[in-house]
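Hi everyone, thanks for coming.

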Amino acid sequence: MDTILVVNAGSSSLKFEVFAAAKQLTRLVKGKMEGIGTAPHLTIKGAGGDRLADESYPCETVPDLPAAMRLVGQWLRERHDGRLIAIGHRVVHGGPDHMHPVRIDEALVRELERYTPLAPLHQPNNLAPIRAILEHQPQLAQVACFDTAFHRGHDPMADHYAIPAHYFAEGVRRYGFHGLSYEYVAGRLAAIAPEVGMGRVIVAHLGSGASLCALHQGKSVESTLGFTALDGLPMGTRCGQIDPGVLLYLLQQRGMTPDELQDLLYKESGLKGLSGISNDVRDLLASDAPGAVLALDHFIHRIGFNTGALAAVLGGLDAFVFTAGVGENSPVMRERIAKKLVWLGAKLDAGRNAAGELLISSEDSRIAVYCVPTDEELMIARHTFALVTA
């Protein structure tokens, strides 16, 4: 049996899935190594949800991502049958030139390293397992699937910043992210509600990273994320939209170094910074501390604010879609956000929302509201399979 491995590497975690590569992709294994470098823990489940592994390791055994890849690879070789034909990787930043998934070689890795300053939390970790596999198994096909690619069809006008135009040619432009998630959701909408999927849709990818995307005829026309993954909505630890003058003030008047400013914006802001408690929405919902209330109120306010802007870009709205961790799993947050969309005609059905059904709007809602679980790993597997079998 031919198989495809999908790898989604983070700063301290490694998510992976194995798919049978036949006429139709079938998920066989889903796993995650968490706590890399601190408290490594591996969990793996089979296709039916049965637990295949649940193990903790000493910190020195899994100090980094390459070590995690080796351990996961060993487990797969020993416990899982199948001939691995390719590995698909999520790579957050593809720059201005990559509109589609591509086969990986040394030259591509060197090119993608250039975008590390634009995605410092993601790009180094995305590339670490790629380098390790190139070193130890150079004959194995690897495919890079970019979070920016889905947005590359924008009107250039939408991706310009109002700075001298030559910077756009140099790559200083709005890219947008979470594209693999939006691509999957757009495909699901086309399958479950074709007329809606071809209309004016805003998708809310709400997780530790958060953004909104305006879709028309299933294609991205605008996104809240821009040059880096800092723009738009406040996130777990990232600031979201901020006046550039604040950054100049912190550099010039407060004497912050660029590294200190980067840590502030990427690691100490967002829900964590506002609340002073946690970057996890579940923790904030469970707390009545003023900081927790402020953080969630601000998050919801900015979602409503940006939804209005994207609805204006689309010239109206036919549907709103919740996806990703918070969007899929928190009926309370969906309800609170939907109240910000009443002026657009959104009205939830309380029972459908509580049950997490696919369609959660009421019969008399002027726009359809959906809760669509995303599946970035399946999207990566599809792209990888298509490329290596073309």
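Let me start with a question: which residue forms a salt bridge with R27? It's D375, and the closest N and O atoms of the two are 2.7 Å apart. Before I go on, please keep in mind that this is a predicted model.

So where do those two partners sit? R27 is in strand 3, residues 26-34, while D375 is in the loop between strand 13 (368-371) and helix 16 (376-388). That's 348 residues apart, so this pair links distant parts of the chain. How about burial? D375 has a relative accessible area of 12%, and as the cut-off for buried is under 20%, D375 counts as buried. R27 comes out at 29%, which makes R27 partly exposed.

Let me pick out a couple of others. R51 and D54 meet through their side chains, at 3.7 Å from N to O. R51 is partly exposed, with a relative accessible area of 47%, and D54 is partly exposed too, at 43%. Then there's R282, which pairs with D280, and here the closest N and O atoms are 2.8 Å apart. Buried or exposed, what would you say for R282? With a relative accessible area of 64%, R282 is exposed. And coming back to our opening pair, salt bridges that share partners join E17, R27 and D375 into one network.

While we're in that area, take a look at T26, which is also found in strand 3. T26 has 40% relative accessibility, so we call this residue partly exposed. What does T26 touch, if we leave aside its neighbours within four places in sequence? V18, F19 and A20.

Okay, on to helices. First up, helix 2, residues 106-113, and helix 3, residues 123-136. Their axes are 11 Å apart, and the packing angle is about 165 degrees. Anything over 145 degrees counts as roughly antiparallel, so that's the label for helix 2 and helix 3. The crossing of helix 2 past helix 3 is left-handed. If you want to find the contact on screen, look for E106, V109, L112 and E113 on the helix 2 side, and Q123, L127, I130, R131 and L134 on the helix 3 side. By class, that contact has 5 nonpolar residues, 1 polar and 3 charged.

The other pair is helix 12, residues 290-314, with helix 14, residues 331-339. What angle do helix 12 and helix 14 pack at? About 50 degrees, with the axes 9 Å apart. That makes helix 12 and helix 14 oblique to each other. Helix 12 passes helix 14 in a right-handed crossing. On helix 12, the residues to look for are L296, D297, F299, I300 and I303, and they meet M333, R336 and I337 on helix 14. Sorted by class, this contact has 6 nonpolar residues, 2 charged and no polar ones.

How values were computed: Residues are numbered from 1 along each chain as its sequence is written. This is a predicted model: local features need pLDDT of at least 70, side-chain atom pairs count only at pLDDT 80 or more; totals for chains, interfaces and linings use all residues. Side-chain values use heavy atoms; hydrogens and water are left out. Axes are lines fitted to C-alpha atoms, for helices over the stretch in contact, and angles run from 0 to 180 degrees between N-to-C directions. Helices (H or I, at least four residues) and strands (E, at least two) are DSSP runs, numbered from the N terminus. Angles under 35 degrees count as roughly parallel, over 145 as roughly antiparallel, 65 to 115 as roughly perpendicular and the rest as oblique. A crossing is left-handed if the near helix is turned anticlockwise from the far one by less than a right angle, and right-handed if clockwise. Contact means heavy atoms within 4.5 Å. Ala, Val, Leu, Ile, Met, Phe, Trp, Tyr, Cys and Pro count as nonpolar, Asp, Glu, Lys and Arg as charged, and the others, Gly among them, as polar. A salt bridge is a side-chain nitrogen of Lys or Arg within 4 Å of a carboxyl oxygen of Asp or Glu. Buried means under 20% relative accessible area, exposed over 50%, partly exposed in between (1.4 Å probe, protein chains only).
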